[in-house]
Amino acid sequence: TRVWRKFTDDSNAGNSVAFSPNSELFASANDDKTIRIYRVSDGECVHVLKEHTDYVVDVAFSPDGALLASGSWDKTLRIWDVATGECDRVMTGHTWVVHAVAFSPDGRLVASASFDETVRLWDARTGDQVRCLEAHKRVVRSVSFSPDGALLASGSFDRTVRLWRVADGACVRTFEESKCIF
């Protein structure tokens, strides 16, 4: 097994950054366990979100810009109200770092990718887990919904990208790095 260690430098530079859909706000995920939301027009920090208990790794705005999802070394996915800066929901279930988060195009679902080799789908309104997708053999580092919301892609250190059908969680295709011809 691999041993993952946290970076120990004093940098709080953004691990992940995201613009709101209207480009008025900008969020950064930071090693100091915070998320900072800035107003783009004047650079003012409008919220510092502080409820994670370990490094924040990824952030993503909902399609309407009202919510922000965050993933952390604390093994949680959190949903934040962008207007108030309050944490609305905490999703637990991953057994290791939540490395990537993404909202579905309609904003109803949030996907999370984890070092625990799983991808999980969550109801964005209730925080309930919809399903756990298991097929990767190593850390899952990225997730992205197709523009129509029918498929979810996940990328892993196992050198595969998997496509999942959102409706039932079936893995419909696996792309293997070793089979890519250059």
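Is S23 buried, partly exposed or exposed? S23 is partly exposed, with a relative accessible area of 44%; buried means under 20% relative accessible area, exposed over 50%, and partly exposed in between, for a 1.4 Å probe and protein chains only. The model is predicted, so local features need pLDDT of at least 70 and side-chain atom pairs count only at pLDDT 80 or more, while totals for chains, interfaces and linings use all residues. Residues are numbered from 1 along each chain as its sequence is written, and side-chain values use heavy atoms, with hydrogens and water left out.

S23 sits in the loop between β1 (16-19) and β2 (25-29). Strands (E, at least two residues) and helices (H or I, at least four) are DSSP runs, numbered from the N terminus. Most residues other than glycine have a negative phi. The phi of S23, however, is positive, near 65°. A positive phi of about 70° is also found in R159, which is not a glycine. R159 is placed in the loop between β14 (151-156) and β15 (160-165) and counts as exposed, at 54% relative accessibility.

Aromatic rings were examined next. The structure holds 4 aromatic pairs, where rings of Phe, Tyr and Trp (its six-membered ring) pair if their centres lie within 6.5 Å, and planes under 30 degrees apart count as stacked, over 60 as edge-to-face and the rest as tilted. One of these is the edge-to-face pair of Y55 and W73, with 6.3 Å centre to centre and 90° between the planes. Y55 lies in the loop between β4 (45-49) and β5 (56-61), and W73 in the loop between β6 (67-72) and β7 (77-81), so this pair ties together parts 18 residues apart in sequence. Both Y55 and W73 are buried.

W96 and F115 also form an edge-to-face pair, with 5.7 Å centre to centre and 85° between the planes. Because W96 lies in the loop between β8 (87-91) and β9 (98-103) and F115 in the loop between β10 (109-114) and β11 (118-123), the pair ties together parts 19 residues apart in sequence. W96 is partly exposed at 31% relative accessibility, whereas F115 is buried at 5%. Y55, W73, W96 and F115 form one aromatic cluster.

A search of the whole structure finds 0 disulfides, a disulfide being a pair of cysteine sulfur atoms within 2.5 Å. For C87, the closest cysteine sulfur is that of C45, at 17 Å, too far for a bond. C87 counts as buried, at 17% relative accessibility. The sulfur of C171 is 13 Å from the closest cysteine sulfur, in C132, and this is also too far for a bond. C171 is partly exposed, with a relative accessible area of 34%.
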